[in-house]
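Work through the exercises below with the model open. Each task is followed by a stepwise solution.

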Amino acid sequence: MKNPIKKIFFIIFFVLITFFFTPTIFAKIFAEQINEFTATINIQKDGRVKIEEKIIYDFGFLYRHGIYRNIPYIKTNKEGKKFKMDINLLSVTDESGRSYQYSTTDDKNYLKIKIGDPNNTITGIHQYIINYVISGALTYFSDHDELYWNVTGNDWTVPILSAKAVVNFPEAVNLNNISKICYTGSLGASEQQCLATFEDSQWVFRTTKMLSPSQGLTIVAGFPINQVARLEPKPVVNFLDTIIGKVVIFFLILLTVFWYLIYPLSLPIKWYRLGRDPSTGSGPTRAWYDPPKTKSGRPLTPAETGTLIDESVDMPDILATVVDLARRGYFKIVEKKKNDFYLIKEKEADVDLLPFERMLFDDIFAGGESEVRIKDAELVETVSRVKKSIYNHLVKEEFFPENPQKIRTFYNFIAFFALITLNFPLVLSALIFGRAMPRKTRLGKEQADVAKSLFNFLTSQERQLTFQADKQMFFEKLLPYAVAFGVEKIWIKRFSDFALRTPSWYQTYDRQPFNSAVFASSLNSSLSSFRASATPTTSSSGFSSGSSGGFSGGGGGGGGGGSW
């Protein structure tokens, strides 16, 4: 009996030792973890984002002072450019609202929050509620605004059993018109082990699987534009870190005298001698109905006329070309459904089209299509090429001796270069005199006065139009010029008391009789639709996502933490 008893005792002892001291079991008993990470995100009308992070932290059987939370305030776009957000820490409390002892430090790209009493230790489960406000967290696109936010961060040293983000929008936002997606996993992962649901007038994003250390939850929520203020993050420029910067610093040592003294003083002199328009002895009048003309007598198109006034090809000049081509019978603008516009070809391009007009026409109907939906058109590169063509054409027609845009671009570069080298006199000189350096020829100055006279006529509220309003052609002829000047609503309104018909080249979806206010609104919608198709769908600061190409850890937010 003695040997069997010893054997049984040895087996029991071995099982107990194995149970208690197996590394896996030992780790489970003493491991730390976050039981729940909940972020309540409130997007405010002023463009700021208020965030409350509720972290239920389990220290296990370990004794610690508390936790630390690192929140990045630098975000990087797809081009590698960095932007700084402003963080205002409001409070750090427990679930009862009692304030924790904490300290903050600014460590390069992070706001580091160290929570806890250095003289006391704790164990078990504790709740931490961190409230802060972010400026610059939103991203603004041409067709929507967006919150692209790393909710938990990917730098936690402990697992997160459950993570959730609750997003609240301003009252004016239609909650049914929200695009959303979420990502989980390590930095750069595109896994989507998460769900987005609509609950109690809020969009809620939840993980469907535990997040291991260095894994996080990232959300993307897009909403209509013009619902919140535009509050862009500030670009971070570290000039000395660039190769160009180092080369420039080297050459600046040799060129200091020229760069800081001679060049700033030379620009006003150059502008006085070469940058002013020639004097013609005349000026604009208040009653000129016809557009300016070329040396051969050809009337300038709306785009040429608009460019001649401000020496810049802007989007209204391109939109005016679209309206003018429609007026001249090359295509119709048709609204098949409300705010859904099509361009329907009426005839082929001919010799009457100028090079930039033909370029625009051919690109719109590329591939032989006779009908193009404006929303589906991709015209960003086209508009860029058309703008260059207009500048070159006006130089060829002898309205400008040189391309005004090339001159402005050159002096913009000089001003930027001067700014990063702290040459403030040159910055002012380049912006004031350099950007004013483009000038017109004598012909250009004379015809610019004619263009300004036409502008005065289009915007005048004093003259009566009875004798002109009897002619539908007069209204339609000058409409593209009003678009180029950005005063089409004023021009259309002046005909509100006259019995006009909707132009044959423009068709609304309901085909109601002509009403000036309705026509102005509809035309503006069609032009806005064209503008959107010709505008890059990236934000002004270069961030991309658009709810279609994100990843875990992308956008703003992030960071991580642990215990101490």
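Two strands pair if DSSP finds at least two bridges between them. Helices (H or I, at least four residues) and strands (E, at least two) are DSSP runs, numbered from the N terminus. The model is predicted: local features need pLDDT of at least 70, side-chain atom pairs count only at pLDDT 80 or more, and totals for chains, interfaces and linings use all residues. Residues are numbered from 1 along each chain as its sequence is written, and side-chain values use heavy atoms, without hydrogens and water.

**Exercise 1.** Find the residue opposite Lys50 in E9.

Solution. Start with the pair: E2 (residues 49-58) and E9 (residues 125-135) run antiparallel over ten bridges. Within E9, Val133 stands opposite Lys50.

**Exercise 2.** Give the strand order of the open sheet of seven strands, then name its edges.

Solution. The order is E6-E9-E2-E1-E12-E15-E14, and the pairing is mixed. E6 (86-93) and E14 (194-199) stand at the edges; each has a single partner strand, so one side of each lacks a neighbour in the sheet.

**Exercise 3.** Check the span of helix H5 (residues 315-327).

Solution. The expected span is 1.5 Å times one less than the number of residues. For the 13 residues of H5 this should be 18 Å; the end C-alpha atoms are 18 Å apart, so the two agree.

**Exercise 4.** How many residues of H5 are buried, and what covers them?

Solution. Buried means under 20% relative accessible area (1.4 Å probe, protein chains only). Eleven of the 13 residues of H5 are buried, among them Met315, Asp317 and Asp324. The cover includes helix H4 (302-310), strand E18 (331-337) and helix H14 (516-533), with contact meaning heavy atoms within 4.5 Å.

Terms used. Buried < 20%, exposed > 50% of the residue type's maximum accessible area, 1.4 Å probe, protein only.
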